[in-house]
Amino acid sequence: MKFGVEIPTCTAGMMHPARFATVDEVIDVAVEAEQLGYHDVGGNDHLSTMRFVRDAWPDPPDYFEPLVTLAGVAARTSVVRLSTAILMLPLRQSVLLAKQIGTLDHLSGGRVTVGVAVGGYRDEFEGVRPDLAKASRADLMRERLEALRLLFTERRATYHGTYERFDDVEMYPKPVQSPLPIYSGGNADGSIRRAAELCQGWLPAKLGPDRIREGRAKLETYARAAGRDPAVITTALQSVVCLGDTAEQARETFLKSSFDLFRTSLKDTMTKGVDVEKYFDLNLVGTPDEVCAKIAAFAEAGVEHFCGLLFVGNTVAEMRDQIRTFAREVLPAFPERPAAAAR
């Protein structure tokens, strides 16, 4: 099992209070995560403040662009992998993004994993890309994934889609890794299909073991139909972590944090029909022993990588205390196989 830490590039106002961390603190969290033995560190992605965040806080949050931030992390670390969980592909232009990712892979010595998804908030997408306000973000995702693969592998790349178009682009250097691992983020069937056909991993969020099994079965069917070996596609998971000496203490800490604002912001999409007790059950909330039992159940269901774990805390110090406790109490129970780091 592999475990990664979500560094707070763009979590302020969502999972953490507005004006949560400075950029130096964000990088310091990543450096400590490497020292504690985590497999990867990663940032999430927002280019504008979402409506629910504007409504919740008097001051705007600071959002640090994840790829630029990870370049800073690369300069301060040596072995921890650098991930995005999640990069919102519909907001990005493929040629520039491919150049940024390829450059980061060289700066880090081949340590990049890119998690991509449509994004959870349509209002942000429409504000940043009003020219594409009526576009299907699922179609944008597929076109940009196909475009990235061409740019990463072809001597000269040309792509003519509905939304993504470029001609005779010669982009060098290619990424160090071939293929550079891309995880398709999301819980929906389209996300699973894109993972099966175009990516090296599937990265859902806050699903239970039964839903993971169902999704993995679909992925394997789609992959075989596309002529791919499902065994080369990682099943990852993004989860919330809130540890306590007792289950009641862990739940109380969660409810006093901004994470419940984040949970309710997705009540019509990702957390539809999921009440707070079910949310606690689906995520890594509880005592260290209870969390270890949950991880074991996820592993039995096929999860290989907890990517971008979201640690609860109303301050950077509280978040880092959770990261340290998890490293001390949970990581030793799930040693990473030596071969896993090469995937």
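1. Helices α7 and α8 touch through two sets of residues, with contact meaning heavy atoms within 4.5 Å. Asp 189, Ile 192, Arg 193, Ala 195 and Ala 196 in α7 meet Gly 215, Lys 218, Leu 219, Tyr 222 and Ala 223 in α8. By class, this contact has 6 nonpolar, 1 polar and 3 charged residues. Ala, Val, Leu, Ile, Met, Phe, Trp, Tyr, Cys and Pro count as nonpolar, Asp, Glu, Lys and Arg as charged, and the others, Gly among them, as polar.

2. This is a predicted model: local features need pLDDT of at least 70, side-chain atom pairs count only at pLDDT 80 or more, and totals for chains, interfaces and linings use all residues. Residues are numbered from 1 along each chain as its sequence is written, and side-chain values use heavy atoms, with hydrogens and water left out.

3. Helix α13 covers residues 316–329. Its buried residues (under 20% relative accessible area, 1.4 Å probe, protein chains only) are Val 316, Met 319, Arg 320, Gln 322, Ile 323, Thr 325, Phe 326 and Ala 327. Their cover includes β1 (2–7), α1 (23–36), β10 (240–243), β11 (284–286), α12 (288–301) and β12 (305–311).

4. Two peptide bonds deserve a look. Ala 85 to Ile 86 is cis, with omega near 15°; Ile 86 is in strand β3 (residues 81–88). Tyr 172 to Pro 173 is also cis, with omega near 0°. Pro 173 lies in the loop between β6 (165–169) and β7 (182–185).

5. Arg 19, not a glycine, has a positive phi near 55° and is found in the loop between β1 and α1. Asp 168, in strand β6, has a positive phi of about 50° although it is not a glycine.

Note on methods:
Helix = DSSP H or I, 4+ residues; strand = E, 2+ residues; numbered from the N terminus. Expected span 1.5 Å × (residues − 1). Buried < 20%, exposed > 50% of the residue type's maximum accessible area, 1.4 Å probe, protein only.
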